Amino acid sequence: MPKQKSNLWKTAGLVSMISSCLVGGLVGGVFFGLWLDRQLGTMPWFLIIFLFVGLFTGCYGMYKVVQPFLGDDEHDR
């Protein structure tokens, strides 16, 4: 496989991982917050809390996925 085509697949995989981290964290937080609110009768509170927890989790997961590609530039010289 040509080098350019290989880089295209690696880039597509990276974009897919980033989007799945963000979307998965947000969707998981929203669903868990809604479920907990229905169980406890505290409608907006746990939704809001777990929306932010899901956002933080998604951003942290995205950082961990991208971290190997952020390499230290001084060692590359």
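Helices (H or I, at least four residues) and strands (E, at least two) are DSSP runs, numbered from the N terminus. The model is predicted: local features need pLDDT of at least 70, side-chain atom pairs count only at pLDDT 80 or more, and totals for chains, interfaces and linings use all residues. Residues are numbered from 1 along each chain as its sequence is written, and side-chain values use heavy atoms, with hydrogens and water left out.

**Exercise 1. Confidence**

State which helix has the lowest mean pLDDT and which the highest.

Solution. pLDDT is the predictor's confidence in each residue, from 0 to 100. For the protein chain the mean is 90, and 91% of its residues reach 70 or more. Among the elements of the chain, the lowest mean, 56, belongs to helix H3 (residues 73-76), and the highest, 96, to H2.

**Exercise 2. Helix spans**

Solution. Just after H1, Gly41 takes a positive phi of about 70 degrees.

**Exercise 3. The H1 and H2 packing**

List the buried residues of H1 and of H2, and find what they pack against.

Solution. Buried means under 20% relative accessible area, exposed over 50%, and partly exposed in between (1.4 Å probe, protein chains only). In H1 (3-40), the buried residues are Gly25, Gly29, Gly33, Leu34, Leu36 and Asp37. In H2 they are Gly54, Gly58, Gly61 and Val65. With contact taken as heavy atoms within 4.5 Å, the buried residues of H1 pack against H2, and those of H2 pack against H1.

Ser19 is found in H1. Ser19 counts as partly exposed because its relative accessibility is 35%. Ser19 and Met62 are 43 residues apart in sequence and 8.0 Å apart in space, C-alpha to C-alpha.

**Exercise 4. The nonpolar patch**

Identify the residues of the nonpolar surface patch and the helix that gives the most to it.

Solution. Patches are made of residues with over 30% relative accessible area and no salt bridge, like charges being joined within 9 Å and nonpolar side chains (Val, Leu, Ile, Met, Phe, Trp, Tyr) within 5 Å. A salt bridge is a side-chain nitrogen of Lys or Arg within 4 Å of a carboxyl oxygen of Asp or Glu; accessible areas come from the Shrake-Rupley method with a 1.4 Å probe, and for residues only the protein chains shown count as cover. Leu26, Trp45, Ile48, Ile49, Leu51, Phe52, Val53 and Leu55 make a patch of about 730 Å². H2 (residues 43-66) gives the most, with seven residues. Leu55 is in H2 and is partly exposed because its relative accessible area is 37%.
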